[in-house]
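Colleague: I'm new to this one and would like to learn how to read it. Could you walk me through it piece by piece?

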Amino acid sequence: MRKRSLDMVHTLAKRDERVVFIGSDLSPNLLGEMKKEFPSRYYMEGIAEANIIGMAAGMAMDGFVPYVNTIATFITRRCYEQVAVDLCLHDLPVRLIGNGGGYVYAPLGPTHEAIEDIAIMRALPRMTVTAVCDAEEMTRLMDATLDWPHPIYIRLGKGGDPVISKAERGFAIGKAIDMIDGETGASDVLLIATGVATTQALKAAGSLAADGIRCRLLHLHTVKPIDADAIVDAASKTKLVVTVEEHSVVGGLGSAVLETLSDRLTGALPPVKRLGIPDKFAEHYGSQAKLMEDFKFDAKGIDVTVRKFLAELRR
Amino acid sequence: MNHQTALKYATDLDLVQQATLDDRSRHLRRLIFRAIENGGRGHIGPALSLVEIIRVLYDDFLRVDPAKPKQLERDRFILSKGHGCLALYAVLADRGFFDVSELDRFCHFESFLGGHPETVVPGVEACTGALGHGLSIGLGMALAARMTGRDSKVYVLMGDGEINEGSVWEAAACADKHRLSNLTAIIDYNKIQSAGSVFEIQNMEPLADKWTAFGFRVFECNGHDVEDLRQVFREAAAYAGDRPRAVICHTVKGKGIPAAENNPDWHHKSDLKPAELQIVRSALGS
């Protein structure tokens, strides 16, 4: 997913001379082909996130579409004021590509784990927040970024993530995607997920369906602007909503879904359970998969949670 | 001010303090107070120190057209110390970017002129107010000009307190790396920040040496002497090297109102009293 997103920057640069790449002290040969082909639109800058955001803003004010890339924690936390003022207040078409959403950098510890990036980006007016589920969907997202007139945060997964998306389901920024054929109406449980958590949710839906539990899965590759119509419609036809995200339960996808339902759903709100990272910094290293398992939002954790809550609802 | 007497600059700092203002400079200050009186508030000291700098840039150097403020080929001026915006509004209004009567609605609900400048104001290039952002935006614009082969020049004016921000020095290093000879950093060196003397709050001396060490070709001048400003910006423009320029303008916070000069109490006023307005009127005439 990471490689695809950067390869796509090069592809877009061939297609459109407004495209510029700005990295912050990344790998030595990153986008080397783009550097060779378009040296004047390739910038590998120092470890100075505040500066590169302002620099991208200045370029965008004069007609360029900069794609800025570094580790997700640094491109969100470190330069938050520049993102808010330079990009969002001016409503500029700058794209922030954040490496290592969630627990991708589990072995490196909490300084490198982007657990609240969706929350803080989502809080900014005019910011678009995306987390696709695999490399193929990344291609479709990157295609759509070229002419999107607002700033975009692009959250990256680990790379090598299994491909679960399908081109025939279409792609538009801000539009949710139904991930299970034949399950687009009434359901026992509505799973709503973003990023690679959708892969876990899809797996859980398989094991639940095997036992006759009707699962619908909405994949939100765009957390903001949120597809309120799809969420409200699907939630009105289910017994239980479970949100899944590789992100803090404070302010992320689950919060966004709850806000949407609270604001828009008329009638009774179905029970909503949020799965994700509890409000704490990681206390272990290990791997992304191990930490997801530990906080019970891997496929097995989702399966167990859904069965438990459905059983409680039946009582 | 013991530190100040030890400063080593070619500019005579006593002459900076004593500089007299011509009719145009007093006229622009009257426009500033027209806005303050109607808005009921404003950053006074920080605006009065940079009137002559902005005036000279707009009168003599910037290639901008008030009728076409977004023309791509224009030069760019970013007021990075956004709290000095009253001086920018006065100059922009005076030069016809918008009607002078807009100053009467400064900070009003329906006005586009707020306490920090935004790009909804014709002629304003960047929304500023959060300090330490302008130089990075300016270098992005300078790179954009280079990428498209435009001759646009970019000027970024910063406060002497503002340059405490680390992001300013991130930007300075980057401007040096890219040899942005089309970028000029300007320091409004009035030597007083909000809490008091810059030498007590956060001394940035040796300031010229810092900018030089960061790769800039450094110039200095009396920031209230219009002729000196013209001369220094001419020299900076004529400098043939590939370095970005820094122009240190020695100024006086609150310049033009004796009671406000070098007085941190006049940094921002939200309720100018009749007696204070009388002080302003007697200093500037009507």
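Colleague: Let's begin with one residue. Which residues is A:Arg2 in contact with, leaving aside its neighbours within four places in sequence?

Modeller: Keep in mind that this is a predicted model. Setting those sequence neighbours aside, A:Arg2 touches A:Asn99, A:Leu156 and A:Gly159. As for where A:Arg2 sits, it belongs to helix H1 of chain A, residues 2–15.

Colleague: Is A:Arg2 buried or exposed?

Modeller: You count C-beta neighbours to decide. A:Arg2 has 20 of them inside 10 Å, so this residue counts as buried. For a sense of distance, take A:Asp181, which is 179 residues away from A:Arg2 along the chain. The C-alpha atoms of that pair are separated by 28 Å.

Colleague: Now a helix. Which residues of helix H7 of chain A are buried?

Modeller: An α-helix has 3.6 residues a turn, so residues three or four places apart point the same way. In helix H7 (residues 135–145) of chain A, the buried ones are A:Ala135, A:Glu137, A:Met138, A:Thr139, A:Leu141, A:Met142 and A:Thr145. Those buried residues of H7(A) pack against H1, strand S4 (95–99), strand S5 (128–131) and strand S6 (152–155) of chain A.

Colleague: And S5(A), which of its residues are buried on each side?

Modeller: S5(A) is covered on both faces. A:Thr128 and A:Thr130 are buried on one side, A:Val129 and A:Ala131 on the other. S5(A) also pairs with S6(A), in the parallel sense and over four bridges. Within that pairing, A:Thr130 stands opposite A:Ile154 of S6(A).

Colleague: What about two helices packed together?

Modeller: Two packed helices are described by the angle between their axes and the distance between the axes. Take helix H8 (residues 197–210) and helix H12 (residues 299–314) of chain A: their axes come within 8 Å and cross at roughly 50 degrees. H8(A) and H12(A) are therefore oblique to each other, and the crossing is right-handed. Among the residues making the contact are A:Ala204 and A:Leu208 of H8(A) and A:Ile302 and A:Val306 of H12(A). By class, this contact of H8(A) with H12(A) has six nonpolar, two polar and two charged residues.

Colleague: Last one: how many residues does each chain give to the contact between chain A and chain B?

Modeller: Chain A gives 23 residues and chain B gives 18. On chain A's side, helix H3 (49–61) and helix H5 (80–89) are the elements giving two or more residues, and H3(A) has the largest share, with nine. Sorted by class, that side has ten nonpolar, eight polar and five charged residues.

Note on methods:
Residues numbered from 1 in each chain as written. Chains lettered and ligands numbered in written order. Predicted model: local features only at pLDDT ≥ 70, side-chain atom pairs only at ≥ 80, totals over all residues. Axes fitted to C-alpha atoms, helices over the stretch in contact; angles between N-to-C directions. Parallel < 35°, antiparallel > 145°, perpendicular 65-115°, else oblique. Left-handed = near helix turned anticlockwise from the far one by under 90°. Contact = placed C-beta atoms within 7 Å. Nonpolar A, V, L, I, M, F, W, Y, C, P; charged D, E, K, R; others polar. Buried ≥ 20, exposed ≤ 12 C-beta atoms within 10 Å, placed from the backbone. Pairing = 2+ DSSP bridges.
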